[in-house]
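Let us read a structure together, feature by feature.

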Amino acid sequence: MAWVVGAGALLGLLAITSGIVTLRTGWIVPTARRHVTRPRLHGLGALLTGTSVLLQSLFHFQVLPSVSWEARFIGGNALLLSGLLLIALGQLLPLRRNHDHPAARPSR
C-alpha cells in the first residue's frame, strides 16, 4: 500500500510543479493547451489539487503531525474539489479579451 501512496505523492509534486510553472510563465502542458482558455485559473487549480494529494500522502507516512481523520477528510476534499473546480473553470470560461493590448484595438 505504501507504494500507491508514494506514487500519489510524486504525482502531487508533479501537479504542484505544473501549477507553479503555469502561474509564473503561462506555459501549459501541450496536451491541455487546446482546451485551456484561462491559464492562471488552470495553474491555481493544479496547485490546489497537487497540494491536496501531497498533504494526504504526508499524513499517511506520518511526516506531518497527526490531526483528526475528520479534519484530514474535510480539508483534503475541500482542497481537491476546489482545485478541480478551478481547472474546469479555466477550460470552460470564455477567453478574456484585453482591450488595452494594441492587437485588440480596431484599426482606423
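**Reading the model**

Q: When is a residue called exposed, and where does Gln62 stand?
A: Exposed means over 50% relative accessible area, buried under 20%, and partly exposed in between (1.4 Å probe, protein chains only). Gln62 is exposed because its relative accessible area is 67%. This is a predicted model: local features need pLDDT of at least 70, side-chain atom pairs count only at pLDDT 80 or more, and totals for chains, interfaces and linings use all residues. Residues are numbered from 1 along each chain as its sequence is written, and side-chain values use heavy atoms, leaving out hydrogens and water.

Q: Where is Gln62 placed, and what is its phi?
A: Helices are DSSP runs of H or I with at least four residues; strands are runs of E with at least two; numbering starts at the N terminus. Gln62 sits in the loop between α2 (39-60) and α3 (69-92). Its phi is near 60 degrees, positive in a residue other than glycine.

Q: What is the secondary structure of the chain?
A: The chain has three helices and zero strands. Along the sequence the pattern is α-α-α.

Q: How much of the chain is buried?
A: Of its 108 residues, 24% count as buried.

Q: Is Trp3 buried or exposed, and which helix holds it?
A: Trp3 counts as exposed, because its relative accessibility is 67%. Trp3 lies in helix α1 (residues 2-25).
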